[in-house]
Amino acid sequence: MGRREGPVFEAVLEFSSCSAMRLQLRQGTELIYENGLLSLEIRDGGCGRTVRHGKTEELRDLRIFSDVSSLEIFVNGGEMVFSTRVYADCCPDGEAGEGYLHLQGGCRVKGSVYRLSEIIMEKRGDSGAESSENMVVTK
């Protein structure tokens, strides 16, 4: 079986209360909040990156951008940001994009998840230069 690509999405989560939580972002990658400490744990595909921590007294919101091999997590309106590359499959028994974002814990949360489409940048014309003026976005 070939390697599956990671999930491509944007998630916006707003917490009215949260004492502790575990949020699975993809296989082997979780965001964990407890005792005022937010941790991004990467067990699979981190290529040497395993855990990152940040302190926050309360978890109010998360905005998560997930691409094929990257994660950008903005915490509490950008007061804290986690940014990393992850080269692990999204889930062991689903297609890419299925089975991610599993939340456990003592939280009241509402949110939205938006599946994002890929874009492809192609060279335009014969100039040979790869400046933004010579690139076109296709799907």
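Trainee: What does Leu40 touch, leaving out residues up to four places away in sequence?
Mentor: Leu40 touches Leu25, Thr29, Glu30, Leu31, Thr50, Val51, Arg52, Ile73, Phe82 and Thr84. Contact here means heavy atoms within 4.5 Å.

Trainee: Before we go on, what kind of model is this?
Mentor: A predicted one: local features need pLDDT of at least 70, side-chain atom pairs count only at pLDDT 80 or more, and totals for chains, interfaces and linings use all residues. Residues are numbered from 1 along each chain as its sequence is written, and side-chain values use heavy atoms, with hydrogens and water left out.

Trainee: Back to Leu40. Which strand is it in?
Mentor: Leu40 is in β3, residues 37-42. Strands are DSSP runs of E, at least two residues, numbered from the N terminus.

Trainee: Is Leu40 buried or exposed?
Mentor: Leu40 counts as buried, because its relative accessibility is 1%. The cut-offs: buried is under 20% relative accessible area, exposed over 50%, partly exposed in between, with a 1.4 Å probe and protein chains only.

Trainee: And how far apart are the C-alpha atoms of Leu40 and Thr29?
Mentor: They are separated by 7.3 Å. Along the chain, the two residues are 11 apart.

Trainee: Switching to charges. How many salt bridges are there in the whole structure?
Mentor: The search finds 7. A salt bridge is a side-chain nitrogen of Lys or Arg within 4 Å of a carboxyl oxygen of Asp or Glu.

Trainee: Which residue pairs with Lys110?
Mentor: Glu14, with the closest N and O atoms 4.0 Å apart. That pair links distant parts of the chain: Lys110 is in β8 (residues 102-115), Glu14 is in β1 (residues 9-26), and they are 96 residues apart.

Trainee: Why does Lys110 count as exposed?
Mentor: Because its relative accessibility is 59%. Glu14 counts as partly exposed, at 41%.

Trainee: Glu30 was on the Leu40 contact list. What is its salt-bridge partner?
Mentor: Arg43, with the closest N and O atoms 3.4 Å apart. Glu30 lies in β2 (residues 29-34), and Arg43 sits 13 residues away in the loop between β3 and β4 (51-55). Glu30 is buried, with a relative accessible area of 11%.

Trainee: What about Glu79?
Mentor: Glu79 meets Arg60 in a salt bridge, 2.8 Å from N to O. Glu79 is in the loop between β6 (70-75) and β7 (80-85), while Arg60 is in the loop between β4 and β5 (61-66).

Notes:
Helix = DSSP H or I, 4+ residues; strand = E, 2+ residues; numbered from the N terminus.
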